[in-house]
Amino acid sequence: MGEAKKILVIVESPSKAKTIGKFLGSKYKVTASVGHIRDLPKSKLGIDIENDFEPQYIPIRGKGDLIKELKKEAKAAEKVYLATDPDREGEAISWHLAYLLGIDENEPCRIVFNEITKNAIKEAVKNPRPIDLKLVDAQQARRVLDRLVGYQISPILWKKVRRGLSAGRVQSAALKIICDREKQIREFIPKEYWNITALLKKDAPKEKEFTAKLAEYKGKKITIENKETADKVLSEIKSGSFIIDSVDEKERAKKPYAPFTTSALQQEASTKLNFYTKKTMQIAQQLYEGVSIKGHGTVGLVTYIRTDSVRISDEAKAAAKEYITTKFGAGYWNNNFYSNKKKDVQDAHEAIRPSHIEFHPDEIKDSLTKDQYSLYKLIWSRFMASQMKPAVYSVVSADIMNGDYCFKASGSKLIFDGYLKVYRATDDEDESKMLPALEKGEKLIANDIQGEQNFTQPPSRFTEASLVRELEEKEIGRPSTYAPIVATLVERKYVSRQKKSLVPTDLGFVVTDFMEKYFNEIVDTGFTAEMEDKLDNVEIKDTDWKDILRDFYGPFKNELDVAESEMERVTFEDEPTGEMCELCGRPMVKKQGRFGEFIACSGYPECKNTKRIVTTTGVKCPVCGKDIIARKSKKGKTFYGCSGYPECNQVYWYKPVDKKCPKCGNLLVSHKLKNSKYSCSNSECDYRE
């Protein structure tokens, strides 16, 4: 007798295959497609516009052997289940797999699960369904539209501005938002204003001081615009006395936050953990697909990570209730419900939550990397907090009169911690700002009265977190697109990162001006949001996806023709470096090449002298005395080596500092470890500081 046929399950990633294989047992074989397996060609547009925008899909280059292997395994299997991610992209991958493997898309061949747990996988296998063509078409509509925009505008940018540039549909709208904010900052004219504060205390020994701020004059809000007015007001106040006019004490409840959607997770991880959106999604994917936990094998720790929904399952609510009441007491649990901002948001996915509440972050810390632990703790804590009672504060506010001037003071005290037991967001207030016991009619002593000059501030530059919030509020793009948007803008040198801020470059402004002039609708936030709705309607309302393309392409083609014929070539002035060319004596300048910036002689093409840009550390090599510079390994990892290479091959994997180890005399390197900033570069020396 031959070997019994197995059921083949195809997922997207090898790590997910490993986790799922453990749950399904020997009757199943779980393998991975390693992402997309068929796509539009990279070398050409790949859309037959004349044939009603028919996409010309081809197997992805380099995946020939994998496709052969999958075909062989599918042929030998008793049945094939397509278990790619539970979203549009995943549905499209399953559709492409079905095409390549000769599976009927109307047969129940598709299985979906929101979390990689034994129960969820077993339940999914029991309930296969046909491929959802509405989801597939929604993905195709986006893919084709983005290809039409990117592949037809980008060549014009190559020709008229600089080789290697691109203009994506959502990326261009995001770039315009960043450029518009920068223009507001540059055009901002600060206005002077003054704050007047009084440091007050009760007329009794050992009473604590508190601050009150001038807010009103004769019952109306007061604005002090210059020093003369401030001096006049200060003079009047100093000659008067402070008497409490009213004291109001009440309780205020601060509700917990909803569990994470994708964008909320990206924002909070950026603010709290300093993670770029790309890093957040990479680590969240690892937690979703499965991590090896000591004593438990590979475990999927969180639910699916691409979601707009704040819904959670009844099972998860029940598990949270049990944990909270057992760990903290019944008084901490609350039956909270959260609703989605968009009424028609696809509710197939839950919010991002832990798959196994019993895996407390601190208990599995040793099995996780530092970043995995930090992000898992954030997700676990936010979910648990969402099922807890509000925090309750006692808030006291007082109006204090000085003649016709009204000062206001307030303080709060935490009286029940509620959800704060497990989770504090970045905007949770300090608990210790309590006022002393105050009574109406009581006279206060002023220990100090100050006027402080201030100026109105321009709007802040976007950080990754605030840009994601802006894109979400304006309904531009979708959770899965936020991370690549920022990465692409930085990679293309349209935006630079300055500390945490995103600052448009000159090139970014040029591209935005070009897009605004010739393709205004594509960078218009209203049009982009409207287009997102139309694309969603393919999935939600069964709109014909080709109708969207037909409506879009006519006007777009006219714009392409106008841009091609009218736009003049843009030239950039090269930035001088201050160095002179050692071959011909002309100034050296920074240039932008296909592989980034480099230094070249301004006398090109007569003089072809070029150099790479060197980042010095300011530290001398202890072996030969030459500068230690930043270099890149073949894999793109930064390391630090002597500029005298190859004669001197001194290298460091961490950035050296101009400081010697007091223990062994070697250079210290900037290597942050627990309780230390620097460590000795000598691997045999354990000195840290």
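Strands β27 and β28 (residues 667-673) pair in the antiparallel sense, over two bridges. The model is predicted. The points below cover its strand pairings, backbone exceptions and nonpolar cores.

**The sheet of β27, β28 and β29**

- Three strands make up this open sheet, and their order is β27-β28-β29.
- The pairing in the sheet is antiparallel.
- Its edges are β27 (656-660) and β29 (676-680), each of which pairs on one side only.
- From one strand to the next, the twist averages 50 degrees.

**Pairings of β15**

- Strand β15 (residues 405-416) pairs with strand β9 (residues 210-217) in the antiparallel sense, over four bridges.
- Within that pairing, K213 has K408 of β15 as its bridge partner.
- Strand β14 (residues 391-402) also pairs with β15 in the antiparallel sense, here over 11 bridges.
- N402 stands opposite Y405 of β15.
- β14 and β15 form a hairpin with two residues between the strands.
- G403 in this hairpin takes a positive phi near 65 degrees.

**Cis peptide bonds**

- Most peptide bonds are trans, and most residues other than glycine have a negative phi.
- The bond from Y604 to P605 is cis, with omega near 10 degrees.
- P605 sits in the loop between β21 (596-601) and β22 (610-611).
- The bond from Y645 to P646 is cis as well, with omega near 10 degrees.
- The loop that holds P646 runs between β25 (638-642) and β26 (651-652).

- K218 is not a glycine, yet its phi is positive, at about 50 degrees.
- This lysine, K218, lies in the loop between β9 and β10 (220-221).
- Is K218 buried or exposed? K218 counts as exposed because its relative accessibility is 56%, above the 50% cut-off.
- K493 is not a glycine either, and has a positive phi of about 65 degrees.
- Its loop lies between α13 (479-491) and β17 (495-498).
- K493 has 35% relative accessibility, so it counts as partly exposed.

**Nonpolar cores**

- The largest nonpolar core has 78 residues.
- Which residues have the most contacts inside it? They are L82, I153, F514, M515, F519 and F556.
- Helix α5 (residues 133-160) gives this core its largest share, 10 residues.
- Neighbours within four places in sequence aside, F556 is in contact with L148, V149, Q152, I153, F519 and I522.
- Another core lies apart from the largest one and has 68 residues.
- Among the residues of that other core are F260, V395, Y423 and A425.

How values were computed:
Residues are numbered from 1 along each chain as its sequence is written. This is a predicted model: local features need pLDDT of at least 70, side-chain atom pairs count only at pLDDT 80 or more; totals for chains, interfaces and linings use all residues. Side-chain values use heavy atoms; hydrogens and water are left out. Two strands pair if DSSP finds at least two bridges between them. Axes are lines fitted to C-alpha atoms, for helices over the stretch in contact, and angles run from 0 to 180 degrees between N-to-C directions. Buried means under 20% relative accessible area, exposed over 50%, partly exposed in between (1.4 Å probe, protein chains only). A nonpolar core is a set of buried Ala, Val, Leu, Ile, Met, Phe, Trp, Tyr and Cys residues joined through side-chain atoms within 4.5 Å. Contact means heavy atoms within 4.5 Å.
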